[in-house]
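Please look through the structure shown here and follow the briefing below, which takes up a sheet, a pocket and a ligand site in turn.

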Amino acid sequence: MSDNWNALVNFDKQHLWHPYTSLSHPNPVFPIKSASGVRLTLADGRELIDGMSSWWAAVHGYNHPTLNAAIGDQLKSMSHVMFGGLTHQPAVDLAQKLIDITHDDLQHVFFADSGSVSVEVAIKMAIQYWASQGQPKKQCLLTIKNGYHGDTFGAMAVCDPDNGMHHLFSDVLAQHLFAQSPNCYGQEHYDKEAINDFEQLLKNNLSSIAAVIIEPLVQGAGGMRFYSATYLKKIRELCDEYDVLLILDEIATGFGRTGTLFAYEQANIAPDILCVGKALTGGYLSLAATLCSSKVANGIGNGKYPTLMHGPTFMANPLACAVANASLDLLLHSSWQQCVNDIEQQLKSELQPCQQFNSVKEVRVKGAIGVIELHKPIDIHWMQPRFVELGAWVRPFSNLVYVMPPYIIEPDDLSLVTSAMKLVVSEIS
Ligand SMILES: Cc1ncc(COP(=O)(O)O)c(C=O)c1O
C-alpha cells in the first residue's frame, strides 16, 4: 500500500470513530478506493465481492450509471433547498411512488434523513395521535425482544433491552414493553406462547400503550431472526382487537429483500405507520420516510395537537429524492423478484451444509438474506481480515455471519461469498 494510504489508515485509527467500535481498541478497517457493481476495490488493488449491500442498501450494486445520472441531472437544478415553505418535483414524485407501491391505506409521507429519524417520527406520530384523541396517557410502545430500530434515543428505547446496552442509558431511555420474540422460523404457524405473552402485555397495559412497533418477518441487527407471516398477522389482529396502532419498521426489509416488495405483504396486512429507508435510494444517499394512514394523519391534524413537530434540515433533500426515484424505477422495471428468489435458492443450497460444523447453531435463509448463527461470539479481529483474504466482503457481528448481497449479484460471485463463509466457519469448528 502506498504511503498515502498508510497515512490515511493511521489518521483514521487515531481520529475516526467507526460504527460500534472503541477508539482505544479499534477494529481493523480496510481503505477502499472504489466500488462498482458488486465489487469493492481496496487501496492495494484487491477486489472483494460484496455480500452486505452496505447494510441492506445498495440493492443495485455500486456506481450504477442510471443512479449516477439521476444525481448528475438533479445537480443541474438544485442540490438542496429547505422543505419548510417550499416543495419540489423530486419529493412529490417520490411521495407518489411510495403511496403507489405501499398499501392503499398509506397516503401520507414524512421524509426523514435516516432510518432512526423515521422511527422517531413514527413514535411521535403514534403518541401525538392519541394525545389528539384526548388520550395523552397513551405514550408507551409494545414491541418484541431482539428488535432493532436505530440508535437515536427514541429508537434505542424500543431496541432489544439486553443487546442494545440499555443498562448504560436506562435512566434516560423511555420505558417500553418487550414481549418474547417468536420462535417460528420456517413454520407456517405462529408461536402460541409468544403470542400469549404479547397479548397479556397488551391487555394489562392498554391504557398506556400507543402503538406496537415491530420489524416484519425479519429482525435485523437485534439477532437476524426470522418469524412466520402468521405471527405478524396475529399481531395485526391483536392491534385491531385492542385498538392500538401498528408501526412496521421496513427499513431493512423494504424494497424486495424478503421476496415481496414489503415483508408485510406476506401476512396480507397493512400497518398504520410504516418506516422505510436504506434501499430507498439504492444505497446512494441517506433518506428515509415515515408513511401513515389517513386515520393517523387526520387524527393528528384535526385533533387537539394538530402540528407534527418535526423538521430535519435535510428533509426531502432533492438529490436524495431524485436518486430514490431513479432507484425505485430501476427496481420496479427489473426482474427483482426472480433475482431475490434465485439468491434465496442459492443461499439455501450453499449455506445449508454449514449446519454440519460444530460451531454452527443454525443456518437460516429468507429472501436474499443468508444467516449462519454460531454457538459463540465471533472474533472480528480474526474473521474480518480472513474474509478479505478470501475475496469476500462479509461483516459479521456478535455470533452471526450473514449476508444480504445486491440483487444483481451473479451466481459465481455469490458462490465465492458463500464458499468463504463455509471455509471461515469450518476454520473455527
Ligand atoms: C430495522 C431497522 N430500523 C432502523 C434502522 C436505523 O436506520 P439508520 O441506520 O438509517 O438510522 C435500521 C438500521 O440498521 C434497521 O435495520
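Strand 2 and strand 3 form a hairpin with four residues between them, and glycine 45 in its turn has a positive phi of about 95 degrees. Strands here are DSSP runs of E with at least two residues and helices are runs of H or I with at least four, both numbered from the N terminus, while two strands count as paired if DSSP finds at least two bridges between them. This is a predicted model, in which local features need pLDDT of at least 70, side-chain atom pairs count only at pLDDT 80 or more, and totals for chains, interfaces and linings use all residues. Residues are numbered from 1 along each chain as its sequence is written, and side-chain values use heavy atoms, with hydrogens and water left out.

**The sheet**

- Strand 2 and strand 3 run antiparallel and are joined by three bridges; arginine 39 has isoleucine 49 in strand 3 as its bridge partner, and leucine 40 stands opposite leucine 48 in strand 3.
- Strand 1 and strand 2 also form a hairpin, with two residues between them and with glycine 37 in the turn at a positive phi of about 60 degrees.
- Four bridges pair strand 1 with strand 2 in the antiparallel sense, and serine 34 stands opposite threonine 41 in strand 2.
- The open sheet has four strands in the order 1-2-3-15, with mixed pairing; its edge strands, each pairing on one side only, are strand 1 and strand 15 (392–393).

**The second largest pocket**

- The second largest pocket has a volume of about 570 Å³, where a pocket is an open set of points on a 1 Å grid over the protein atoms alone, reached by a 1.4 Å probe, with protein on both sides within 12 Å along at least five of seven lines; the volume is the space filled by probe spheres set on the points, which are joined across faces, edges and corners.
- Its lining (residues with an atom within 4 Å of a point) has 20 residues, and the closest to the pocket centre are His18, Ser54, Trp55, Trp393 and Arg395.
- Strand 1 (32–36), strand 2 (39–42), strand 3 (47–50) and helix 2 (53–56) each supply at least two lining residues, and strand 1 gives the most, with three.

**The ligand site**

- Among the polar contacts (pairs of N or O atoms within 3.5 Å), a polar side-chain atom of aspartate 249 lies 2.7 Å from a nitrogen atom of the ligand, and a polar side-chain atom of lysine 278 lies 2.9 Å from an oxygen atom of the ligand.
- A backbone N or O atom of glycine 115 lies 2.9 Å from an oxygen atom of the ligand.

Key:
Polar contact = N/O pair within 3.5 Å; in protein donor to acceptor, adjacent residues only side chain to side chain.
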